[in-house]
Each structure stands twice: as C-alpha cells, then as structure tokens.
Amino acid sequence: MTLATKADEISEIAFGFMGSKALFAALQLKVFTHLAEGPLSAEELAQKADVHPDRAQTLLTALASLGLIEVQDGNRFGNAPASQAFLVNGAKYDFGDYLRLQVGRQMYSLLDQIENALQGTMDADDTASYAEWFADPDEARLYSESQHSGSVGPARQLSGALDLSGARRMLDVGGGTGAFAITLCKDNPDLTASIVDFPNVAELGRGYVEKAGLSDRIAYIPGNALEAEWPADQDVILMSYLLSGVPGETHVDLIRRAYDHLVPGGRLLIHDFVVEKERTGPKLAALWQLQHTAFTPEARSLDAGWLEVALDEIGFTDAQVAPLIPKMTMLAQGTKPAA
C-alpha cells in the first residue's frame with residue numbers, strides 16, 4: 001500500500017464526522033422516509049422536505065457518495081436497501097430515531113469533551129456519568145426513548161440466540177425502558193423480569209411495559225444499578241450495554257454480584273461493545289467505547305479475552321464470548337455451577 005493511499009485513509013477518518021452529520025441531517029429532514037415509496041428528483045424531495053432545491057441536491061449527492069441512497073435514471077434518487085430497511089420511519093427494523101436523537105443530538109455534542117476526558121481535565125460543568133446525565137428528566141427521556149428504538153433489533157437477535165425455556169426469573173441490570181426484557185418475556189411465556197435503572201428511566205419504562213401488556217410480568221426497581229438492591233435467586237441476569245457505561249473498576253464486582261444473585265445453574269448474559277482479545281477491532285465496537293469515555297471518563301474498553309477470564313475466575317462455567325451484532329457487539333455467557 002502506497003503512502004498516498006495511507007494518506008487517503010487518514011483523510012477519510014478525519015472527515016468521517018461530515019458523513020455522520022449528513023446522515024443526521026437526512027434523518028431530521030425525513031429524506032429516507034420521503035424516498036421510501038419511490039425515487040425522487042432533488043426538486044421533488046426539496047418540496048417534500050421544505051428545503052431549497054440546491055441544498056437538497058447537495059445533501060442527496062453526499063448521501064449517494066456514502067452509499068445510503070442510489071442514483072437512478074440519471075437525476076433521481078432512491079433508498080439503498082439498508083436505508084430502506086433501517087432508516088424509514090415505521091419500518092420493522094427502523095432505528096433512525098436512535099441515530100438522530102441519541103447519537104446525533106446527545107452523544108455527538110458530548111464528543112467535544114473527549115480530549116479533556118482522556119486527559120482528566122474536564123470542567124466542573126461537563127457531563128461525567130450516566131447518573132449525572134439522567135438526573136435531568138428531559139435528557140433521560142430523550143436518551144431512553146431513542147435507546148428503546150435502537151434496542152428492539154438487538155433484543156430480537158439476542159432472543160433468537162438463546163434458549164430460555166427453563167427460566168422463570170430474570171434480572172435486567174441497567175435495562176433501560178425494557179426493550180430486552182419485553183422481547184425476552186414475549187418469546188418466553190413463563191419468564192418474569194425485574195429491571196434495575198434510574199428513577200427517571202423507570203418511569204418511562206413502565207409505559208413501554210404497559211403498552212406491551214406485560215405489567216404483570218415485568219417490574220422496575222428504581223435506582224442506580226451499582227447501588228440498588230438486587231433480588232436473589234435469579235435464573236438469568238442480563239447486563240446489556242452496562243459495563244461499557246460504568247467505571248472499569250466496578251466490572252469485577254458486578255460480575256461477582258451477578259454470580260451471588262443467580263440460582264445454581266443460572267446464567268449471566270453480558271451484551272456490550274466488546275473488542276477482540278488482540279484489540280485490533282472491530283472498529284465500531286472500539287469507537288463506541290471511545291465515545292462513552294467522553295462522558296464516562298472512568299469507563300474501560302472491554303475485550304473478549306478479559307471477559308472469558310473474569311467469568312472463569314469468579315466461578316462461572318462454560319464461559320464463552322461471541323459476536324451478536326456483527327462488527328459491533330458481543331455476547332458473553334457464563335453458567336453458575338449446579339449445587
């Protein structure tokens with residue numbers, strides 16, 4: 001590979017933020033939803049999105065260069081297959097609100113803190129933890145509602161990868177608005193769940209649980225997952241996107257606490273942004289953990305090798321770590337030995 005090619009790669013990385021903003025702007029203007037029924041010219045889209053045709057043309061050109069839309073018949077634009085499936089409002093696998101609201105509106109702006117977070121020089125008024133962030137009801141609502149949108153798909157993948165037919169009690173630690181608990185309970189009629197999360201999140205989550213018709217099977221324990229009391233004798237304990245968002249020094253204690261609250265034969269499930277043992281990727285998992293560091297400076301990057309060793313040392317058997325969302329998340333599993 002030539003030096004010039006390497007320079008091109010560096011430029012693509014440096015200018016990646018422009019692609020992100022193009023996506024967020026397109027979601028805000030509902031470009032993919034407008035294109036869902038068929039290709040449009042820049043002028044036609046401009047009318048639907050209420051923007052000047054020249055600016056619509058510029059945005060559509062950027063989206064086409066990113067592979068998010070396709071140029072058809074010379075001057076018309078249509079959704080690429082992935083955009084049609086994932087970025088159209090109301091589509092089965094739509095997670096556009098997650099990208100537009102949580103990533104674009106909340107996390108993207110917090111990345112301005114990343115240098116100070118890495119250097120340990122954050123200002124007193126900077127956001128430094130999820131607990132601090134979610135003390136604001138409006139921020140908690142925006143994050144939680146968009147996170148719910150982004151968690152439905154992964155929850156379906158997790159459910160499809162598991163056999164929970166013998167489980168009766170599940171604890172979802174840091175379970176947010178209940179996307180995972182709702183999906184797993186729907187797919188396993190004998191399963192009940194308790195969700196531990198911040199009070200502002202729990203208040204929102206109860207609405208999702210009620211809408212799903214599962215209020216008699218899913219209950220909330222409002223509080224910080226690191227401090228709240230957990231119910232004992234659980235068949236399954238799930239920690240999804242938890243370890244990547246808490247101080248690294250708490251990881252071992254959380255895994256040990258899960259062990260203590262499981263019945264013999266119970267299973268711990270850790271779903272998170274996890275990189276390979278060699279720490280060469282996946283790129284998306286590594287970058288997600290870096291952005292967590294911007295507002296949780298004590299957070300620690302997880303790797304598959306460390307997770308397997310930690311599960312084994314605490315006493316879990318059959319420890320394994322494997323990809324769940326390709327190139328982004330992994331699922332670690334361990335079983336508490338039978339009595």
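This is a predicted model: local features need pLDDT of at least 70, side-chain atom pairs count only at pLDDT 80 or more; totals for chains, interfaces and linings use all residues.

Q: Where is serine 244 found?
A: Serine 244 is in the loop between β7 (234–240) and α13 (251–261). Those labels are DSSP runs numbered from the N terminus: helices are H or I with at least four residues, strands are E with at least two.

Q: Is serine 244 buried or exposed?
A: Serine 244 counts as buried because its relative accessibility is 0%. Buried means under 20% relative accessible area, exposed over 50%, and partly exposed in between, with a 1.4 Å probe and protein chains only.

Q: Which side chain joins serine 244 in a polar contact?
A: That's aspartate 272, with a polar contact of 2.6 Å between the two side chains. A polar contact is a pair of N or O atoms within 3.5 Å; within protein, one must be able to donate a hydrogen and the other to accept it, and residues adjacent in sequence count only if both atoms are side-chain atoms.

Q: Switching topic: what about glycine 178, buried or exposed?
A: Glycine 178 counts as buried, because it has 0% relative accessibility. Its place is the loop between β4 (169–173) and α11 (179–187), and it touches His148, Ile195 and Tyr220, not counting residues up to four places away in sequence.

Q: Now the sheets. What's the order of the 7 strands?
A: The order is β6-β5-β4-β7-β8-β12-β11, in an open sheet with mixed pairing. Two strands pair if DSSP finds at least two bridges between them.

Q: Which strands stand at the edges?
A: β6 (218–222) and β11 (317–323) do; each has a single partner strand, so one side of each is left without a neighbour in the sheet. From one strand to the next, the twist averages 15°.

Q: How many bridges join β11 to β12?
A: There are 5 bridges, and β11 and β12 (residues 330–335) run antiparallel. Threonine 317, for instance, has threonine 335 in β12 as its bridge partner.

Q: Which helix lies across β5 and β6?
A: Helix α12 (residues 199–211), running at about 170° to β6. Axes here are lines fitted to C-alpha atoms, for helices over the stretch in contact, and angles run from 0 to 180 degrees between N-to-C directions.

Q: And what's the strand order in the sheet of 3 strands?
A: That open sheet goes β1-β3-β2, with antiparallel pairing. β1 (40–41) and β2 (69–72) are its edge strands. Helix α5 (residues 53–65) lies across β2 and β3, at about 110° to β2.

Q: Last one: what domains does the domain assignment give?
A: Domain 1 (7–98) and domain 2 (103–336), with bounds from an automatic or database domain assignment. Their contact takes 11 residues from domain 1 and 10 residues from domain 2. The C-alpha centres of the two domains lie 31 Å apart.

Methods
Residues are numbered from 1 along each chain as its sequence is written. Side-chain values use heavy atoms; hydrogens and water are left out. Contact means heavy atoms within 4.5 Å.
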